[in-house]
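Let's take a friendly walk through this model, from a helix to a few side chains. Keep the viewer open as you read.

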Amino acid sequence: MRRLRRYGTMAEEPHRMDALENEEPDIDDLGPSRSQQRRDALAVLALAEQLVALPPNRLDQIELPEDVRNEIAQVRRIKSHGARKRQLAFLAKLMRRHDDDVFASAHAAMGENQELRRQENAALQRLETLRERLLDDGDAALGEFIARYPDVDRQQLRTLVRQARMERLGNKPLRAYRELFRLLRTIADADPDD
């Protein structure tokens, strides 16, 4: 039997050698690096986790492919940690099969969600700081607060501040402490200047 030569020797094909030497690698043809592919896959997985965590009414407002929506419902039904993690990975894989522009509305909704959460957290921190100031600084802070919000029920506010101080000092359950926070939140929500 005669053997076929798959590749010729360099002497037989000098034009191949010249072509290889003169050819410059085209960086555009290489595609994304392996690290970039991993970062992209992790970003899709993070988006999948955020979509699963959304309440159903918020999820209904986002345009998603039907297969992705069905898979999100499937992930929500799973309670076992390991199985849920595998199903999330499958959801991310399913999402990677679609074009990036399909999830533009989801990215926009998540961005708005994060900004809204950041603003809410900042408002809650301001209220906590105000509560601590009312408890620590006493009548001076109380006077400033009443001057800023003249419609507040002064007697209720003074009572809650006094009870919260006593609870903190006596290591008792912080019922008035929490009630004071609720009152401050109600007042801040009613004020259009905040």
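A residue counts as buried under 20% relative accessible area and as exposed over 50%. Please bear in mind that this is a predicted model.

Helix α8 spans residues 139-148, and its buried residues are Ala141, Leu142, Phe145 and Ile146. Looking down the axis of α8, you will find these buried residues within an arc of 135°, so they line one face of the helix.

Now turn to the face of α8 that points away from the buried side. Asp139, Ala140, Ala147 and Arg148 are the exposed residues carried there.

## Aromatic rings

How many aromatic pairs does a search of the whole structure find? The search turns up 1 aromatic pair. Its partners are Phe145 and Tyr149, whose ring centres are 4.9 Å apart; their planes meet at 50°, so the pair is tilted. Both Phe145 and Tyr149 are buried.

Another ring to look at is that of Tyr177. The charged end of Arg131 sits over this ring, 3.8 Å from the ring centre.

Glu71 is part of helix α5, which covers residues 66-77. Although buried, Glu71 has no salt bridge. Its nearest side chain of opposite charge belongs to Arg77, 8.3 Å away; a salt bridge would need a side-chain nitrogen of Lys or Arg within 4 Å of a carboxyl oxygen.

Conventions: Residues are numbered from 1 along each chain as its sequence is written. This is a predicted model: local features need pLDDT of at least 70, side-chain atom pairs count only at pLDDT 80 or more; totals for chains, interfaces and linings use all residues. Side-chain values use heavy atoms; hydrogens and water are left out. Rings of Phe, Tyr and Trp (its six-membered ring) pair if their centres lie within 6.5 Å; planes under 30 degrees apart count as stacked, over 60 as edge-to-face and the rest as tilted. Buried means under 20% relative accessible area, exposed over 50%, partly exposed in between (1.4 Å probe, protein chains only). A charge sits over a ring if NZ of Lys or CZ of Arg is within 6 Å of the ring centre and within 35 degrees of the ring normal. Helices (H or I, at least four residues) and strands (E, at least two) are DSSP runs, numbered from the N terminus. Lys and Arg count as positive and Asp and Glu as negative; His and the chain ends are not counted. The arc is that of the directions from the helix axis to the C-beta atoms.
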